[in-house]
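Biologist: I'd like to go through this model with you. Can we start with the interface?

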Number of protein chains: 2
Amino acid sequence: MAVYTHLAAEDLAALIAAYDVGELVSAKGIAEGVSNSNWLIETSGKDGHGARFILTMYERRIDTAYLPFYLGLLDHLSARGCPVPATIHDRDGSLSREIDGKSVALIEFLPGVSVDRPTPGQARAVGAALAQLHLAVSDFPMTGVQTMGLAEWDRLINSCGHDGLAQIDPGLPEIAFGELSHLAAEWPAGLPQGVVHCDLFPDNVLMLGDEVSGLIDFYFAAEDFFAYDLAVTHAAWSFTTDGSNYRPEIGSALIEGYRSRRSLSVSELAELPTLARGACMRFISSRAYDWLHTPPDALVTRKDPMAFVRRLQFYAAAGQRPFAS
Amino acid sequence: MAVYTHLAAEDLAALIAAYDVGELVSAKGIAEGVSNSNWLIETSGKDGHGARFILTMYERRIDTAYLPFYLGLLDHLSARGCPVPATIHDRDGSLSREIDGKSVALIEFLPGVSVDRPTPGQARAVGAALAQLHLAVSDFPMTGVQTMGLAEWDRLINSCGHDGLAQIDPGLPEIAFGELSHLAAEWPAGLPQGVVHCDLFPDNVLMLGDEVSGLIDFYFAAEDFFAYDLAVTHAAWSFTTDGSNYRPEIGSALIEGYRSRRSLSVSELAELPTLARGACMRFISSRAYDWLHTPPDALVTRKDPMAFVRRLQFYAAAGQRPFAS
């Protein structure tokens, strides 16, 4: 959550001049992104009326390889009317440029704020926006391999090991290893799929009142089941932050909003409980790994894996109930 | 350089509603401020045409006591046409409000970027803006004690001690202690004074081309000699960052710009070399102290005290020359 690179105003002005967006008026480093640096940029705009953008600098080489996929996905979705930031192409038509050997990309700035305590009306709108996304990717020509799937959860949990997990919570090893076996046996196949967001937490949704004004941060987007993406979103939105309370009115509104735009097949509906347990396992595994590998005094706030263990326990006990609408 | 507090969008919207600025449209935590959290806020504006603000949360109790001074100074200067952000008063006329026991203040957002490599035209504009500030404070009714003056430099350098300073550079103890004696003997008295900025580095100036669009960060503002403030600004602007090269065209343009708005008395001119050495000592002492008290792996970048030792050596050798225009 920081700006890792100092960009001189002079270099920034030269960069902005490579785009047809007017002249640089303001640039503020924003406290978003974990491995990227981001600036909120204001320019005079093409018409002199001002325009705003987000400039992202990809600090790690590895991210650069995925840029055509991420940025291409934004362009595809935005062209289909989804509320995602469109990318700004430079005067040569490129989606990204280089500064000092690092890739940078300019995207549209979208208004809106991320809510902490969603209302049912907001959850309904998020469900509908997610369904819209799932419909819009049907003809997206690229694909992205799911690197955060079952095999990776298994690898992360095994890398933490029994003792590591027990350090986090004495009950965690049994829950985590037990759940991995359950999921390996029960994980569905053959459900409708496409490139999905996979990380649609409230932070990644911008809202203006009850309207979704932006879906952002597609860095975990990958080919997976649409219903899995819905399950991730359900787990991310329908609980109090620490996972100890399910908010049924939010869960129902989310599913209802989704089904208002895209219908769920009988198999998708039947598999939602398993997919939701998988969604919890995905965050338990990455959070447990990060918990053990992040010094307690590091800048990055460690996220509690137990918040998703509580969600997992809820889904394991509740079966089909949270997905009826 | 971070946002230390999470502010829920719902709480932020309620805060913004206490001001007559329209509804909250967007809020981005910005990577500015060392002990404060800052957000770039967009609202629908009074007239529905949109407006932008900076919201600052003062994380430390101690800062709160100075708020009436800082914010009152901004209001005073802004009312006199200086390019500083005006404060936004809430519907009850208050300059600041409280959230969770912390003070927050809303100020105008100003366009512009901070330059890294100023041109003579920009230096001239900064000199003129500084003089305008000095003229405008003449009837400012409050005062702020200079807590970063000679006595404090002395305290900081003595707290580092001979060994601490020698860790930074083997030559530093002799230079620092020698300079403190020199300054104690030579520091002038009776020069024209008022509440001055004392920290007008390029980061604290927003520019649009050759125009100064904003002077910001008045957190070191205090009662001191106008010519000392000019000396600080001269030392901050007229060298390459590491202090190894004086840029005469920048130094001259700065002085020229200043004198175009406010004339310097014979005593002020005569004392500028001593004041400039003092300005260097001010940053040597605080940087040396921070250098020894900041872990090398901390988030905050340690600033090299030697960059101001080089400036000090330049001023000690150059005498009156850099201040002739």
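Modeller: Between chain A and chain B the count is four salt bridges, each a side-chain nitrogen of Lys or Arg within 4 Å of a carboxyl oxygen of Asp or Glu. This is a predicted model: local features need pLDDT of at least 70, side-chain atom pairs count only at pLDDT 80 or more, and totals for chains, interfaces and linings use all residues. Residues are numbered from 1 along each chain as its sequence is written, chains are lettered from A and ligands numbered from 1 in the order written, and side-chain values use heavy atoms, without hydrogens and water.

Biologist: Which residue forms a salt bridge with Asp11(A)?

Modeller: Arg117(B) does, with the closest N and O atoms 3.4 Å apart.

Biologist: Which residues of chain A lose the most area to chain B?

Modeller: Glu10(A), Lys28(A) and Val113(A), together 22% of what that side buries.

Biologist: New topic. What do the buried residues of α7(A) pack against?

Modeller: α3 (120–136) and α6 (226–237) of chain A. Among those buried residues are Ile250(A), Leu254(A) and Tyr258(A). Buried means under 20% relative accessible area (1.4 Å probe, protein chains only). Helices are DSSP runs (H or I, at least four residues), numbered from the N terminus.

How values were computed. Buried area = accessible area lost by both parts, 1.4 Å probe. Buried < 20%, exposed > 50% of the residue type's maximum accessible area, 1.4 Å probe, protein only. Helix = DSSP H or I, 4+ residues; strand = E, 2+ residues; numbered from the N terminus. Contact = heavy atoms within 4.5 Å.
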